[in-house]
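Reader: Please show me the model. I would like to go through its parts one at a time.

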Amino acid sequence: MAVEDHTKVRPWRAIDRRVSRKIRVGNVEVGGDAPISVQSMTNTPTSDARATIDQIRGLEEAGADIVRVSCPDEDSTAAFRTIAREARVPLVADIHFHYKRGIEAAEAGAACLRINPGNIGSMDRVKDVVSAARNNGCSIRIGVNAGSLERELLEKYGEPCPDAMVESALNHARILDDLGFHEYKISVKASDLFLTVAAYQMLAEATDAPLHLGVTEAGGLRSGTIKSAIGMGSLLWAGIGDTIRVSLSAEPVEEIRAGYDMLKALGLRTRGVNIIACPSCARQGFDVIRTVEALEARLAHISEPISLSIIGCVVNGPGEAAYTDLGFTGGGKGAGMLYFAGQQTEKVSNETMIERIVAAVEDKAAKMRADREALAAAE
């Protein structure tokens, strides 16, 4: 089922994405007109293949498009072959200084190598890694971090700054371009969101390479999500960014949830249930906060794009329900009104409202799946 393009009737909601060239990370397109992909990273020891696969499975279920796996040593790249074989999403092998790990990961099934060409030694070593990437269908992510800039750039600029980060990124990119390898994306991350945003804005003007966004080391679940939303959200709103990771000191699945929530808020991705809810006040006809918490948990498995409004009273409830797929508005006296496509359908008691709303959402999701499958079968 096609998702309505609200920008046709509401042009003020339109985001004009920066034009970037398209690359592939396994079967996922990145850049160009491809959807913005959402990534996270495992934190299990990669040498423990079973634990890493289990964590990847959880990320896949949460909706991850791409997962990054660190490969710091030979044991990790040895296990990577098993991990890549069982993963359902493409994997990025995180390589830092040792060029052999990059070659091993490419041969073991990595869809992308996260590596800085200038950090892995002689040009012969760089050529060997690029050759392994090319021969195995790997793309490359050039990952520049403010905390690990080259010494000569720190000496030149005095401190990490946008100019230093972009110069580092372009220097690394030039190495790949000179070798005729163009299947790369770039990131320029910092924990300072001002530095991050300025660096990406500058880089977006300097290259047509797809950009991987992130505010690195953003912090815990709440503070890190807020910091990331401000920094990455401003870039995405400006049309900058082709793939994202919300870097949180939290369970990796929380990064995926935060990433999708960010993209849903901007209308850039529509996976899952988008709950519109009031902050609650003395007018509420039911416990809005507890209800929304319960619905978020009960509906986390839904991947179809469905909008749901949960409003405590009739002041804004009917108006919000008019623009959502499903809605519930508190009406007092222990009951409220359920809406379908903006139309009142039935009165539901507060005691049964959560079960009724969950059933309604699941029914709509099932119908959307059936319609999609029927359309695909007819093509």
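Reader: What is the order of the strands in the open sheet of five strands?

Author: This is a predicted model, in which local features need pLDDT of at least 70, side-chain atom pairs count only at pLDDT 80 or more, and totals for chains, interfaces and linings use all residues. Residues are numbered from 1 along each chain as its sequence is written, and side-chain values use heavy atoms, with hydrogens and water left out. Strands (E, at least two residues) and helices (H or I, at least four) are DSSP runs numbered from the N terminus, and two strands pair if DSSP finds at least two bridges between them. The pairing in this open sheet is mixed, and the order is E11-E12-E13-E14-E15.

Reader: Which strands stand at the edges of that sheet?

Author: An edge strand here has a single partner strand, so one side of it is left without a neighbour in the sheet. From one strand to the next the twist averages 20 degrees, with axes taken as lines fitted to C-alpha atoms (for helices over the stretch in contact) and angles running from 0 to 180 degrees between N-to-C directions. The edge strands are E11 (273–277) and E15 (343–349).

Reader: In which sense do E14 and E15 pair, parallel or antiparallel?

Author: Six bridges join E14 (residues 335–340) to E15. Among the facing residues, Phe-340 stands opposite Gln-343 in E15. The sense of the pairing is antiparallel.

Reader: What angle does the direction of helix H12 make with that of E12?

Author: Helix H12 (residues 353–378) packs on the sheet and touches E11, E12, strand E13 (326–330), E14 and E15, where contact means heavy atoms within 4.5 Å. Helix H10 (residues 288–298) lies across E11 and E12, at about 160 degrees to E12. For H12 the angle with E12 is about 165 degrees.

Reader: Which residues does UniProt list for "binding site"?

Author: The listing comes from an unreviewed UniProt entry; its positions are given in the numbering used here, feature names are shortened, and annotations may be inferred rather than shown by experiment. Two of the listed residues are placed as follows: Cys-313 lies in the loop between strand E12 (306–311) and helix H11 (317–321), and Glu-320 lies in helix H11.

Reader: Is Cys-313 buried or exposed?

Author: Buried means under 20% relative accessible area, exposed over 50%, and partly exposed in between (1.4 Å probe, protein chains only). Leaving aside neighbours within four places in sequence, Cys-313 is in contact with Arg-283, Thr-329 and Gly-330. Its relative accessible area is 12%, so Cys-313 is buried.

Reader: Why does Glu-320 count as partly exposed?

Author: Not counting residues up to four places away in sequence, Glu-320 touches Ile-276, Ser-309 and Ile-311. Glu-320 counts as partly exposed because its relative accessibility is 31%.

Reader: With which side chain does the side chain of Glu-255 make a polar contact?

Author: Glu-255 is in helix H9 (residues 252–265) and, at 2% relative accessibility, counts as buried. A polar contact is a pair of N or O atoms within 3.5 Å; within protein, one must be able to donate a hydrogen and the other to accept it, and residues adjacent in sequence count only if both atoms are side-chain atoms. The contact, at 2.7 Å, is with the side chain of Ser-40.

Reader: Why is strand E3 largely enclosed by the rest of the structure?

Author: Ser-37, Gln-39 and Met-41 point one way from E3, while Val-38 and Ser-40 point the other way. Three bridges join E3 to the parallel strand E10 (residues 243–245), and three join E3 to strand E4 (residues 66–70), also parallel. Strand E3 (residues 37–41) is largely enclosed because the number of its five residues that are buried is five.

Reader: Which elements do the buried residues of helix H7 pack against?

Author: Helix H7 (residues 193–206) reaches 20 Å from its first C-alpha to its last, close to the 20 Å expected at 1.5 Å a residue, the expected span being 1.5 Å times one less than the number of residues. Its buried residues include Leu-193, Val-197, Tyr-200 and Ala-204. They pack against helix H6 (162–178), strand E8 (184–189), strand E9 (212–213) and helix H8 (221–237).
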